[in-house]
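Dear colleague,

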Amino acid sequence: MMSPAKTLIPVTALALVAQLTVAIADGIPRYNLEPLCRGIAQQGGMSLLPNQGPRKDYRSCITSELKVRYQLVKLWPTFKTSNKVNCLGENSAGGLPSYTGLLSCLQMAKEAGKMFGQ
């Protein structure tokens, strides 16, 4: 027979995880874009335009990501909490999260929900 304390631990842990999940999904994360954009710039950049050196590519990446973050700020309330939690996890799993990846995931999840009537 399990003691009441041992039974209470999983229930308490579940309650804490549920609260953490809601807290995570309540706000748009703040990503450090420097490693992502440095990597993009070092690999040849974001565009095929001539005279785009690593410095311009880096700045273009930062600017692009911040524009996408601005879109996320406007659209954030329209996404389901469960999709936010899933997409936040997926987007961070690779090590270099981006606002573009997060927005894409959320938009796909929203469209999938429409297709399946959710």
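The notes below begin with the chain as a whole and then turn to helix 3.

Please bear in mind that this is a predicted model. The protein chain contains 5 helices and 0 strands, so that, by DSSP runs numbered from the N terminus, its elements read α-α-α-α-α. Of the 118 residues in the protein chain, 26% are buried. The accessible surface of the protein chain amounts to about 8,200 Å², and carbon and sulfur atoms account for 63% of that area. As to contacts between residues at least 6 apart in sequence, 70% of them link residues at least 24 apart.

Helix 3 spans residues 54-75, which is 22 residues. From its first C-alpha to its last it reaches 31 Å, close to the 32 Å expected at 1.5 Å a residue. The buried residues of this helix are Asp57, Tyr58, Cys61, Glu65, Val68, Arg69 and Leu72. Because these residues cover an arc of only 110 degrees around the axis, they lie on the same side of helix 3. The cover over them includes helix 2 (34-42) and helix 5 (99-115). On the other side of helix 3, the residues Arg55, Lys67, Tyr70 and Lys74 are exposed.

With kind regards

Methods
Residues numbered from 1 in each chain as written. Predicted model: local features only at pLDDT ≥ 70, side-chain atom pairs only at ≥ 80, totals over all residues. Heavy atoms only, no water. Helix = DSSP H or I, 4+ residues; strand = E, 2+ residues; numbered from the N terminus. Expected span 1.5 Å × (residues − 1). Buried < 20%, exposed > 50% of the residue type's maximum accessible area, 1.4 Å probe, protein only. Arc of directions from axis to C-beta. Contact = heavy atoms within 4.5 Å. Areas by Shrake-Rupley, 256 points an atom, 1.4 Å probe, with all protein chains shown as cover.
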